[in-house]
Amino acid sequence: QVQLVESGGGLVQSGGSLSLDCAASGSIRVIYSMGWYRQAPGKQREWVATITSGGITKYAESVKGRFTISRDITKNTVYLQMDSLKPEDTAVYYCTADIQTGASLVSYNYWGVGTQVTVSS
């Protein structure tokens with residue numbers, strides 16, 4: 001049993017900033033990576049950013065240079081600092097994590113329920 005809980009969403013004006021966080025809890029053996037996806041109304045979910053257990057980060061081209069992903073291994077927590085926000089960033093943001101829960105080298109991708117980010121013009 002693994003649970004991911006996001007927080008930090010809200011309403012912000014264009015050009016402003018927000019910081020999201022997501023904490024994983026439950027039967028965790030190893031977390032290989034954590035990341036963020038987002039889904040705007042009427043559109044499919046898209047990948048935003050990922051960070052591995054070794055600290056390697058990757059970003060979607062649409063957010064590169066504006067968003068920063070980081071993690072705290074001791075707290076099983078991933079963060080997303082969002083700067084220079086645009087109306088097109090408006091979406092529900094979902095936290096994900098690739099987690100091994102048992103002794104065998106098998107991992108599964110877990111999802112949070114999402115947090116709303118709204119950027120006004």
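Me: Are Cys22 and Cys95 buried or exposed?
Reply: This is a predicted model, in which local features need pLDDT of at least 70, side-chain atom pairs count only at pLDDT 80 or more, and totals for chains, interfaces and linings use all residues. Residues are numbered from 1 along each chain as its sequence is written, and side-chain values use heavy atoms, with hydrogens and water left out. Buried means under 20% relative accessible area, exposed over 50%, and partly exposed in between (1.4 Å probe, protein chains only). By that rule, Cys22 and Cys95 are both buried.

Me: Which handedness does the disulfide of Cys22 and Cys95 have?
Reply: A disulfide is a pair of cysteine sulfur atoms within 2.5 Å, and Cys22 and Cys95 are joined with an S to S distance of 2.1 Å. The torsion about their S-S bond is about -80°, so the disulfide is left-handed.

Me: How many residues apart are Cys22 and Cys95?
Reply: Strands here are DSSP runs (E, at least two residues), numbered from the N terminus. Cys22 belongs to strand 3 (residues 18-26) and Cys95 to strand 9 (residues 91-100). The pair links distant parts of the chain, and the separation is 73 residues.

Me: In what order do the 4 strands of the open sheet lie?
Reply: Two strands pair if DSSP finds at least two bridges between them. The edge strands, each pairing on one side only, are strand 1 (2-7) and strand 7 (67-72). The pairing is antiparallel, and the order is 1-3-8-7.

Me: Which residue is the bridge partner of Asp72 in strand 8?
Reply: Strand 7 and strand 8 (residues 77-82) pair in the antiparallel sense over 6 bridges. Among the facing residues, Ser70 stands opposite Tyr79. For Asp72 the partner is Thr77.

Me: What kind of aromatic pair do Tyr37 and Trp111 form?
Reply: Rings of Phe, Tyr and Trp (its six-membered ring) pair if their centres lie within 6.5 Å; planes under 30 degrees apart count as stacked, over 60 as edge-to-face and the rest as tilted. Tyr37 and Trp111 are 5.1 Å apart centre to centre, with 55° between the planes, and the pair is tilted.

Me: Which ring has the charged end of Arg45 at 3.8 Å from its centre?
Reply: A charge sits over a ring if NZ of Lys or CZ of Arg is within 6 Å of the ring centre and within 35 degrees of the ring normal. Arg45 also lies over the face of Trp111, at 4.7 Å from the ring centre. The ring at 3.8 Å is that of Tyr94.
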